[in-house]
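The sequence and the model are shown first.

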Amino acid sequence: MIRAVGRLTLWALRGLGANALVLARTLFYLPRLDGGELRRALVLFGFRSLPLTLGAAALIGATVVLQIGVYATRLYAGWAAGFSLLWEFGPLLLGLVMGARIGARNAAELALLNVNGQLEGLRGISLDPFRILVAPRVVASLLSVLGLASVTFLVAIIWQAVAAYLTLGLPVRIFFGAFADLLFWGDLAAGIIKSAAYGLAIAVVSTTAGLKAAGGAAGVGRAAAAAVVSGCAAIFFLDLALTPWLAKVLVR
Amino acid sequence: MQLSTHALTLRFGPTTALSALTTNFPEGSRTVVWGPAGGGKTSLLKCLAGLLRPTEGEVRWDDVSTSGLSAEARRAAQVDFGMVFQTDALFDSLTVLDNVLLPLRNRRVPEAEASARAHEALRRVGLSHALDRRPEHLSGGMKKRCGVARAIVARPHVLLADDPFSGLDPQTERSIAELLLEVSEGRTLVVALPDPVDALPVTRTVRLVDGAEARG
Amino acid sequence: MTGGPLRVLGAQTMLFARTVRAAARHGVRRREVLRHMAELGTSSALLIAVGLFFFGVVLVTIAWAQARKYFGNIAVLGPPYFQLILREFSPIMAAVLAASRQGASTAAALGAMSVNEQLEALELSAADPLAELVAPRLIASVLVLPLLTVLGVVAATSSAALTITFAFQNNGAAFLDPSLVTTGDVLSALVKTLLCGAFIPIAASLRGLQAQGGAGAVGEAVTVGVVEACMGCLLIDFLVAAAFFILSAQQ
């Protein structure tokens, strides 16, 4: 029992340590970022994920509106519920979907280079893979999730207007007129800080998984799968850690 | 069993693996299919075994066109085929013996008979000492031998081998070649290779380039 | 996500039909189903329980801030919270998490088998890869996802009750009050989890089975498989919610 706990602790520490190392080395190379790789990664993670993100945002928004619509006749509290749902449930679910896409792709690409020995090859010609492969991807992932999240906030606001119309019978025009009352800069800032944290976590966790990969095709698959799962776990954890703090600091 | 292809064409999306290939492999013949990588050797072997469906044209087993067969009929007829895969395609979760038993168990051969036949096949390929080992702990040559044992254990009429010498040293290559000749006695043998080798004397060679037979 | 969602769903529907047919013809080994159920249970249960526990805490923290602003009494949110968790959040969160966890490992495993020619080796060994590999995963997932959803409900409601009681010193028990839950809610949740439970392994297997080439193809299969599994669950969730919304509006 004690040994099992010890082993689990060791495993957790080693995992955290590996992630911290990736983060630290990324920060180290931040001033000398490879521009070409950064652009490539931004297109791969950000631009190409746009249709997926919009689709997911539309679906999540529509579902939430439907769910709140049920309370329209029953409960005034529906509005408050709807508010928290759009600002919590939506970003979280989107983080999970984007984490799956960006995390799996990043881990798979790095794992492929790793099992093919190409990372070793880079070291052989004294290029640090962190400078040209890892650091640009971490930055790109952070920026991508940030950008995509901003787009989804826009979608969320539109859905909120629809929800207001359905639940409170508030015409859409009046909703946007009363926009300042309903949306606070603090809420927006909280959402953006959270999504940036998700983006960073997804990149770091998936990079760690990709760099650990070994053992051919099966190894690449395992690395991609591990990246998705630890990405999910990291997002939930960050959500719990950041929300109460942000609520205190930013939301009046 | 005589195998023949008629204007066989196979495409994967935009790439053409085989283009209008017509050739035949008479019963009991030994053929080496050779040519550059990407020439369509693996595709041809898999089409012959019914593992890949032709995009156009057809493969005939004796006089039966495989295109008209139902999934069940095709599976039943595939009992006549044994294939040694380029990647060996052994299951790491199973022991050597269980890997070889797999085709028999799936065909519901009685356990005692299946076991006897699997041991016999493993003895013929010289792996009697490694029954309980896992494929991941075997050398390249031993994996290939295990793959041969699995291919012949159901007593197929046709033995197909896809690049069986890749990654093997010359001595092991020779011993696998001898093994293939020995176990294919009385069967149709088709071997895909990058180049014909002296160790494997055959009656006929077919050179495949860009999915078609190249003459001369 | 090329070719539009309809064509994608078409491929998955076809694979589902072929898997059911293959399973009917060849039978499915009960031991394999149990093995996959155990694997699913142990690997996804922790993720879903912890994830939804955290989710509950965060949700009531935000709701608390809102409630103070508008009407003061948080306890009034309890029963609708329970209903929403049961009808909507637990099914969709459990489905998306299972899609990530189980979808990724299924696409990875089948993708690796595909590029290693093991699927073809199985076929020549008189086994049907669909009956052998896909069907047990399908059955296990359909059976286990409803249980995982129940686990999610327990985690999310109990965490909300604990947070309200201990962090905000208020009536947390209201968040365990199922008085608003109707048969329709339970039915809607059940339909969602059953459909998602069937969709996830099919979507992931589809991309795994299609993997061709080298290790890169396996990585691609995992990425596409997981994303499609997640998106499919979101779509199923919306469609079922819409269907029940229309049904309840007509009554």
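In this predicted model, strand E3 (residues 30-34) and strand E8 (residues 188-193) of chain B pair in the parallel sense, with five bridges between the two. One of the paired positions is Trp34(B), whose bridge partner in E8(B) is Leu193(B).

Both strands belong to an open sheet of six strands in chain B, ordered E6-E7-E8-E3-E9-E10, and the pairing in this sheet is mixed. Strand E6 (81-84) and strand E10 (212-213) of chain B are the edge strands, each pairing on one side only. Helix H1 (residues 41-48) of chain B lies across E3, E6, E7, E8 and E9 of chain B. Relative to E7(B), residues 158-162, H1(B) runs at about 155 degrees.

The second topic is the interface of chain C and chain A. Between these chains about 4,700 Å² is buried, and carbon and sulfur atoms give 82% of that area. The rule finds one salt bridge across this interface: the side chains of Arg105(A) and Glu220(C) meet at 3.0 Å, N to O. On the side of chain C that touches chain A, the elements giving two or more residues are helix H2 (30-70), helix H3 (78-115) and helix H7 (215-250) of chain C. H7(C) supplies the largest share of that side, 19 residues.

| Class of residue, side of chain C | Number |
|---|---|
| Nonpolar | 39 residues |
| Polar | nine residues |

In total, the contact takes 55 residues from chain C and 52 residues from chain A.

Terms used: Residues are numbered from 1 along each chain as its sequence is written. Chains are lettered from A and ligands numbered from 1 in the order in which they are written. This is a predicted model: local features need pLDDT of at least 70, side-chain atom pairs count only at pLDDT 80 or more; totals for chains, interfaces and linings use all residues. Side-chain values use heavy atoms; hydrogens and water are left out. Two strands pair if DSSP finds at least two bridges between them. Helices (H or I, at least four residues) and strands (E, at least two) are DSSP runs, numbered from the N terminus. Contact means heavy atoms within 4.5 Å. Axes are lines fitted to C-alpha atoms, for helices over the stretch in contact, and angles run from 0 to 180 degrees between N-to-C directions. Buried area is the accessible area (1.4 Å probe) that two parts lose on being put together, summed over both. A salt bridge is a side-chain nitrogen of Lys or Arg within 4 Å of a carboxyl oxygen of Asp or Glu. Ala, Val, Leu, Ile, Met, Phe, Trp, Tyr, Cys and Pro count as nonpolar, Asp, Glu, Lys and Arg as charged, and the others, Gly among them, as polar.
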